[in-house]
Amino acid sequence: MKSSDELQIDALMERYFEGLYHSDSAVLRTVFHPELAYVNATDGNHEFMDLETYMTRIDNREPPAKRGDPRRESVDRVSLTGHQMGLIEARMTMMGRDYQDLLTLIHTDDGWQVITKVFAYRAKED
């Protein structure tokens, strides 16, 4: 039986994947902490953004769902350190890319939120 924290994190990750696939910044704002640090660690494409800059990017892109991109995602590991912080390793394929994400979580008055998103991608392998 899953703990309350595990159930909350499962719901958070479902919103994360849904929000990205549908380019829905309203949904993603329920996932990310207002002080989010976004880091693209892809070789040759390092980027650093705050939440508002990232949400503007989300709002301005064509949703992968609208383009009919196939969708694959997985949560490979969830590691909680007590009831205050944790780390998620996740993968998602969309927009012709395979993404690998490291998401740092903190527990706030609003529940679990992603405070850092560090990721890299490569062209999708068929």
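Leaving aside its neighbours within four places in sequence, which residues is Ser 23 in contact with, where contact means heavy atoms within 4.5 Å? They are Ile 58, Arg 61, Glu 62, Pro 63 and Pro 64. Ser 23 itself sits in the loop between helix 1 (4-21) and helix 2 (25-28), helices (H or I, at least four residues) and strands (E, at least two) being DSSP runs numbered from the N terminus. With a relative accessible area of 10%, Ser 23 is buried (buried means under 20% relative accessible area, exposed over 50%, and partly exposed in between, with a 1.4 Å probe and protein chains only).

This is a predicted model, in which local features need pLDDT of at least 70 and side-chain atom pairs count only at pLDDT 80 or more, while totals for chains, interfaces and linings use all residues. Residues are numbered from 1 along each chain as its sequence is written, and side-chain values use heavy atoms, with hydrogens and water left out.

Side chains of opposite charge can pair when their charged atoms come close. Counting as a salt bridge a side-chain nitrogen of Lys or Arg within 4 Å of a carboxyl oxygen of Asp or Glu, the model has nine salt bridges. One of them joins Arg 29 to Glu 52, at 2.9 Å from N to O, and this pair links distant parts of the chain, since Arg 29 lies in the loop between helix 2 and strand 1 (32-40) and Glu 52 in helix 3 (residues 51-60), 23 residues apart. Arg 29 is partly exposed at 36% relative accessibility, and Glu 52 is partly exposed at 45%.

Terms used. Contact means heavy atoms within 4.5 Å.
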